[in-house]
Amino acid sequence: MTCTIFFALPLILLCTGFGKRIGAREAALIEKKYQELESTAFLIRQKADTRAYFEEGLRRLSLRLKTSSDQKKFLSHSLYALKKRFPGVFQFTVLGDDGKFIPELSDNISVKPISQKIFKLAAETPEKSFQRESSFNGIIGFIRAAFGPYLNPEDFRKSSSKGLIRSSSSPERAFFGYFLIQSNYSLFVSLAKNTDWDILAARNLCHSYSSFTKRREISLGLYDFSHPNRNISSEIYDALSNYHRYSNQKIRIGNRLFFIVPITTNTCLWTSESIGKLHQLDQTQMGTWVVAIILFSILAYFSFKIMVIEEPFPIAIRQRLLLLFAFAGGLPLIVVAFSGIEYLAEKQKSMEEELAEQTEQYLIGFDSRFQQMVVQLEKYLNSVCNKISIGTEQERKDSIKILNSLVRQSLAEVMIIDKKGKIKEYRITGDLPEASGLRQILKKIAGSLLASVSGEEKKGSINALELIMDSFGHNSYDMMISTMGRLNFQFLGNDRGWEFASPIKSSNGKAEKMLVVTWGAGKIDNYYVEKKLLSAQRDIVNSQGGNSSAFLWAAFPIRDTAGYRVVPEKFIYKNQLEKYIKQSTVKQGSSSRKVLLNSQEWLITSIKTKELYNAYLFAVRPLKPIKDEINSLEKKLWLFVAICLIMSLFLGNTLSKHFLEPIRNLSDGALALQKQQFDIIIPVGAQDELGELAATFNKMIESLSEVAHGKLIQEGLLPPKTLEFEEYRFYGQIKYMSQMGGDYFDSLILPDGRMLVVIGDVSGHGVASAMVMGMAKALVVRETRTSNSPEKILSSIHEILLLILARSKSMTCFLGILDPKTHTFCYSNAGHVFPILYRMGEPPIELQAPSFPMGIVKKIKYQAFFLDFQPGDCIVFYSDGLIEAIKPNGEMVGYEFAKNGIKSIISEDPAEMSKRIFEWHNQIIGNTPQSDDITIAVLTRKGNAQPKKDMFSPQI
């Protein structure tokens with residue numbers, strides 16, 4: 001449980017947090033790869049229009065032919081390659097620069113008359129071909145006979161060297177085109193629209209892009225759902241099935257990502273890429289868990305050793321407390337940190353989405369305000385028209401000035417047409433080009449329109465009116481009459497643009513002339529964008545408080561080419577964002593994406609305009625303010641975490657100091673006691689439990705100081721450990737259980753020349769027993785002055801102890817007097833354990849003298865016993881602490897065990913023998929705590945025959 005709470009939980013939180021960070025990195029990497037796949041897919045889809053693809057290929061053929069040294073050979077190889085790559089699609093008819101048929105380069109001789117007629121028409125200048133009405137009608141008849149009744153001749157003329165036109169009269173050949181190739185060759189091409197026509201370009205592009213995308217590990221291909229093919233990998237099949245079922249464009253199958261876009265109703269383009277880098281993230285995540293498990297195992301192992309096996313902790317208490325507080329503060333901080341990071345990531349994403357939505361709405365608003373500009377321009381044109389008068393020469397000059405000003409301001413093309421369709425006399429700067437279909441049409445119908453406005457009979461060419469009917473629809477003529485004085489968007493064949501027509505009336509109220517103001521497709525839109533885009537950009541910057549920058553621009557796809565006209569032309573990121581512009585035109589909707597420009601991240605948003613003609617609005621807004629705000633919040637988050645961690649460590653250090661300083665003082669005091677330095681006083685500190693403990697410790701030191709002095713006094717009462725008297729030697733040693741004890745031994749030379757040996761044991765331990773022992777010492781010294789026998793001395797001491805102690809304490813005592821002259825040892829015993837006599841060649845002899853201890857029974861009679869002390873004899877005196885000690889198996893040492901054990905360590909030197917006895921005893925009891933004082937005294941007599949010196953090998 002401890003490991004789970006203190007180790008597993010934070011590690012799980014850490015790993016979970018790291019897992020979320022790795023998950024975010026994985027999502028970002030996947031999104032980046034999806035963008036790469038999307039770019040590739042939309043790049044192919046953009047060029048997947050087969051008609052436009054072939055047009056572009058023929059134009060490139062024309063440009064490459066220019067640099068060829070052998071143009072005929074190059075053209076032959078190029079045409080052969082096209083027919084081989086697209087079998088059954090292309091048929092070519094090639095004419096020389098003089099219009100002569102070149103059979104070796106041509107496929108179908110049946111179209112030779114048509115191609116030569118087209119060559120002749122294309123070679124004519126526009127003025128010549130449209131000057132004569134008969135020629136104009138001839139063009140109409142020829143074109144419609146060849147390509148269908150609904151073709152405008154202008155469509156064909158404009159397709160020359162530019163593109164292909166659709167045929168409505170030939171079921172076999174769907175498209176025709178005429179190309180002037182460097183003026184040396186003219187190429188008439190017809191194309192068959194086979195069953196694979198719609199995917200021809202996409203299929204060829206996939207083949208071409210395969211060699212390029214392999215280096216990026218991107219694969220791509222086409223799939224026809226109307227003819228399912230299972231001869232593909234299971235991953236591709238699963239991804240296509242998912243797309244077909246749920247219309248998901250972004251699909252992940254195993255370790256591959258797929259992006260799928262439709263090409264036709266039944267065919268889609270798929271792009272795929274491996275997510276190999278994600279394995280590194282998976283390995284990182286797995287490595288994090290492995291490290292966490294290893295770390296948890298190590299911590300759990302040390303926890304088990306310390307808490308279960310109870311091994312000593314290797315770290316000091318203060319460091320442990322610091323770690324504890326760091327952990328206690330760090331655990332919630334981990335949760336806060338990772339939750340905060342996750343919140344900031346979500347907030348950044350939300351802010352970016354909000355910025356994208358705000359920008360999109362701003363672009364939509366900019367697009368919608370175009371109609372307001374159209375209404376204002378219409379009012380302005382009507383006011384201009386009211387100021388124009390062509391009566392006198394001066395009025396004419398003034399009117400021309402007004403019209404020239406209109407041209408300069410609005411980039412319009414202005415002309416004044418009279419009833420006869422003449423405009424040369426009143427040509428204005430910026431007039432339409434001569435080849436304009438609108439100009440030719442208005443020249444034909446001007447008289448009829450002016451007549452209708454003035455209420456007169458319609459005039460003009462019937463053929464021209466029919467042409468207008470074909471171009472606009474059956475009611476277009478009446479519509480032009482009803483919309484006079486209004487700004488309208490018109491479709492005149494392939495010409496599209498804004499048109500304003502208003503009659504100029506003379507003084508008699510008749511409409512004599514007509515003012516026509518036109519803008520080609522995109523010109524008025526371009527005018528609006530150029531005039532308003534800069535102020536709109538300032539507005540969007542000011543909406544952010546002026547602390548950021550933004551760039552707005554518009555892209556107008558150029559018809560019949562793959563290029564784009566960008567406004568403003570000097571847009572600094574034009575080249576860098578060209579790919580994105582192309583993708584946006586393919587998507588045909590609004591979109592947003594993050595891009596990297598000049599090492600800075602920007603958000604690019606685009607919309608397909610509804611009001612502006614065939615235009616796309618783009619906005620690039622910096623993400624730096626959002627990142628700065630997120631970074632600022634992240635810094636605050638880490639600052640908060642750091643402050644909390646520092647506070648935890650500070651509190652841990654402060655509290656550890658508060659708790660450990662008194663403990664350290666107590667430890668110093670205990671160390672001083674160990675060194676018997678009793679003059680130390682530890683600070684009491686605060687009036688709390690630790691303060692009370694310090695005060696108690698000081699009192700204890702004071703008491704121990706008294707005990708130490710008492711011990712010194714007690715040690716002073718004891719005789720020297722060694723006493724040598726003639727041929728006798730005596731050695732005694734006490735091992736106290738505590739500082740002071742009740743054991744006592746003594747040896748002294750009496751006035752009559754005899755030697756006194758005494759050993760005693762006061763009941764109990766500590767100071768009280770030590771005091772009784774001191775009293776006994778004094779009594780022994782006193783009694784030896786008046787008594788010369790052991791039994792009398794013991795009796796006298798007994799009476800005094802009984803009187804003073806009132807039986808609260810008792811004392812055992814063995815007292816003997818040795819006469820060195822007669823070698824007689826007279827002794828008496830007051831309840832003490834029997835000493836042991838070791839004599840060479842004989843078993844140990846107990847000096848038995850049964851009796852009661854002193855200070856217990858009132859009437860006691862002690863007896864005297866005599867022993868002949870022979871050379872080499874050794875008497876061992878001891879206290880009961882020696883034989884009552886507990887061995888590791890729980891048994892006492894015992895008298896018999898001690899008696900036989902000491903026998904093997906007899907020595908002539910009493911000090912050496914005492915040392916051996918203590919060492920033997922220590923081995924016997926091992927680590928068992930000492931429960932009583934132990935006293936050992938040895939008395940030996942030198943002998944002529946030396947006793948055997950056995951090695952120290954105690955019997956255990």
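Start by selecting Glu 783, which sits in helix α21 (residues 766–783). Helices here are DSSP runs of H or I with at least four residues, strands are E runs of at least two, and both are numbered from the N terminus. This is a predicted model, where local features need pLDDT of at least 70, side-chain atom pairs count only at pLDDT 80 or more, and totals for chains, interfaces and linings use all residues. Residues are numbered from 1 along each chain as its sequence is written, and side-chain values use heavy atoms, with hydrogens and water left out.

**Around Glu 783**

Stay on Glu 783. Is this residue buried or exposed? Glu 783 is buried, at 5% relative accessible area. Buried means under 20%, exposed over 50%, and partly exposed in between (1.4 Å probe, protein chains only). Now show its contacts, meaning heavy atoms within 4.5 Å. Setting aside neighbours within four places in sequence, Glu 783 touches Ile 793, Ser 796, Ile 797 and Ile 800.

**Into the cores**

Next, select Met 854. Its contacts include Leu 794, Ile 797, His 798 and Tyr 862, not counting residues up to four places away in sequence. Met 854 is also among the residues with the most contacts inside the largest nonpolar core, which has 47 residues. A nonpolar core is a set of buried Ala, Val, Leu, Ile, Met, Phe, Trp, Tyr and Cys residues joined through side-chain atoms within 4.5 Å. Then pick Phe 86, Val 89, Tyr 185 and Cys 206, which belong to a second, separate core of 44 residues.

**Salt bridges**

How many salt bridges does the whole structure hold? A search finds 21. Each one puts a side-chain nitrogen of Lys or Arg within 4 Å of a carboxyl oxygen of Asp or Glu.

Select Glu 273 and Lys 33. Their closest N and O atoms are 3.2 Å apart. This pair links distant parts of the chain: Glu 273 is in strand β8 (residues 267–274), Lys 33 is in helix α1 (residues 2–46), and they lie 240 residues apart. Glu 273 is buried at 5%, and Lys 33 is buried at 9%.

Move to Asp 752 and Arg 754, a salt bridge at 2.7 Å, N to O. Asp 752 is partly exposed at 46%, whereas Arg 754 is buried at 16%.

Now try Lys 887 and Glu 891, bridged at 4.0 Å, N to O. Lys 887 counts as buried at 15%, while Glu 891 is partly exposed at 46%.

Finish at Glu 56, Arg 59 and Arg 60, which are linked in a network of salt bridges.
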